[in-house]
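Please work through the exercises below with the structure in view.

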Amino acid sequence: LRFPVALPVYPRALGAPPRQRFAAMMDTNNSSVTASLVVAPTVLLSLFLLQWTRWRRRRLDPDRLSERLRETYMKPHSGLELRIGLDIGGSLAKLTFLEKDGVKTPFLDFIKNSNTYGNSGVRDEALAVSMPELGGRMHFVRFETGHVRNAVELMKANNLEAGFTTMYATGGGAHKFKGVIEESLGCELTACSELGTVVLGICCMTSMVADECYTFERVPDPAAVRDPLVEAAVTRRSVPLRTHDKEPRTSSERAAARGVVRVQRDLSGINFFPFLLCNVGTGCSILKVTSESQFERVSGTALGGGTFLGLCRRLTKAASFKEAMDMAEDGDARKVDMLVRDIYGEGEDRAGLQLPGDLTASFFARALSAEPKASDADLCKALVVMISQNLAQIAHLNAQVHGLRRVFFTGNFLRGNDLAMRTIVYTLQRMPRVVVHGELGRRKRDLLLPVGAEPTEAVFFRHEGYFGAIGAYLEQCRNCASAAERGR
């Protein structure tokens, strides 16, 4: 391939036979030819990098994300109207379905006539959201995985399987219960990538639902005994106090003024690629996501919800996750963990370490002393704090390595677990900011805190736990649309 800029430097060879033209091009004594061999590849490379940068910006543009999702996963469809997305995990099964405008079926009527089903089925009506791009309203149902067979029998007994020719599911249960579902309901069950559906569900809801994301601000130390006024502020306020308010008027406003505030984060209009996704289930996987279909696992840890519940059962009387979390709300982790001030005292110097006195020095180290034995509530609180602080630190270090400041947290351990989420935010707010300079793979770390640097931000989701089911639903929409186009 000859680049045009190289053509003028050997015109005398253009009319010669091929062998002579090649000899003229390779004549290293000709300075103009030598320059052309250097300039041409350089110009080619520059043009390629320019075009690649423009393409990448278009691809990662948030408006382009919404457009890509609509083009790929949300095409209008006809024929099969009954579509559900399933995520069958180890403990909970989640189901999402779309109530299409103007469409009525026995399945939709049955689901909408109640908010509870059987022994464990619950429809999260508060999470239902209008999705104009899909042409309807999306609903969410959850039930214990141990009742999957009961759910299948319930559908069959009420003739709700009519209209289903295929179902898309993710999670381990998509393989475990594949035979049961296909045999009982007479439809095909397609298993989807577990992490792929979660990433797709997050991208869809984040880009199309304005109030999907939130975080916490002004978080006090979650390790201490909870303040009822602060707890009330968390549940009653969703935005910070207005700056022009001179004095908070109610008790909850006073608590919010000095404590934690839950704040919505509208990320639908910003470019949030790439980002880190910290998926905390039984263990924890950390993904770097560069688009709705491209991601890689960059880190992880064996700490997670399984660690928490396993230790709670060994160390306390708590038998379930809910029971352990209820205990933790009333506990005090400072009666279990050793703090910096417990080692260095209350002085400001602290052996020149310049560490805050309330920083955790060693988890569970107070058990070495002769102090009174900690209660079950204290132990449960200490376990939540231990796991959450470690998750926050690992996420923060990965964010610094990859040059990112926003981490999306998801997973079963965080579902409705405000204590863990507040601990993660509190820990990230206290982390030193590290500036990473890099060129051609060479990185230099400056451990000094730069002026104006921002801490790593933790972002959480309203529809936590349902992203796998949402992604499975969208995969079905895409594949059905593709099949319809091939059949034309």
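The exercises that follow concern a predicted model and lead from the whole protein to one strand and its partners.

**Exercise 1.** Describe the overall make-up of the protein: how many helices and strands does the protein have, and what percentage of its residues count as buried?

*Solution.* 
Step 1. The secondary structure comprises 16 helices and 19 strands.
Step 2. The protein has 488 residues, of which 45% count as buried.

**Exercise 2.** Determine how strand β7 is covered: which of its residues are buried on each side?

*Solution.* 
Step 1. Strand β7 spans residues 166-170.
Step 2. A residue counts as buried when its relative accessible area is under 20%; in β7, 5 of 5 residues are buried.
Step 3. In a regular strand, side chains alternate between the two faces of the sheet.
Step 4. One side of β7 carries Thr166, Tyr168 and Thr170, and the other carries Met167 and Ala169. These residues are all buried, so that both faces of β7 are covered.

**Exercise 3.** Identify the strands joined to β7: which strand is joined to β7 by 3 bridges, and which by 4 bridges?

*Solution.* 
Step 1. Strand β1 (residues 84-88) runs parallel to β7 and is joined to it by 3 bridges. Here Asp87 stands opposite Thr170 of β7.
Step 2. Strand β8 (residues 188-191) is also parallel to β7, with 4 bridges between them. Within β8, Thr190 is the bridge partner of Tyr168.

How values were computed. Residues numbered from 1 in each chain as written. Predicted model: local features only at pLDDT ≥ 70, side-chain atom pairs only at ≥ 80, totals over all residues. Heavy atoms only, no water. Helix = DSSP H or I, 4+ residues; strand = E, 2+ residues; numbered from the N terminus. Buried < 20%, exposed > 50% of the residue type's maximum accessible area, 1.4 Å probe, protein only. Pairing = 2+ DSSP bridges.
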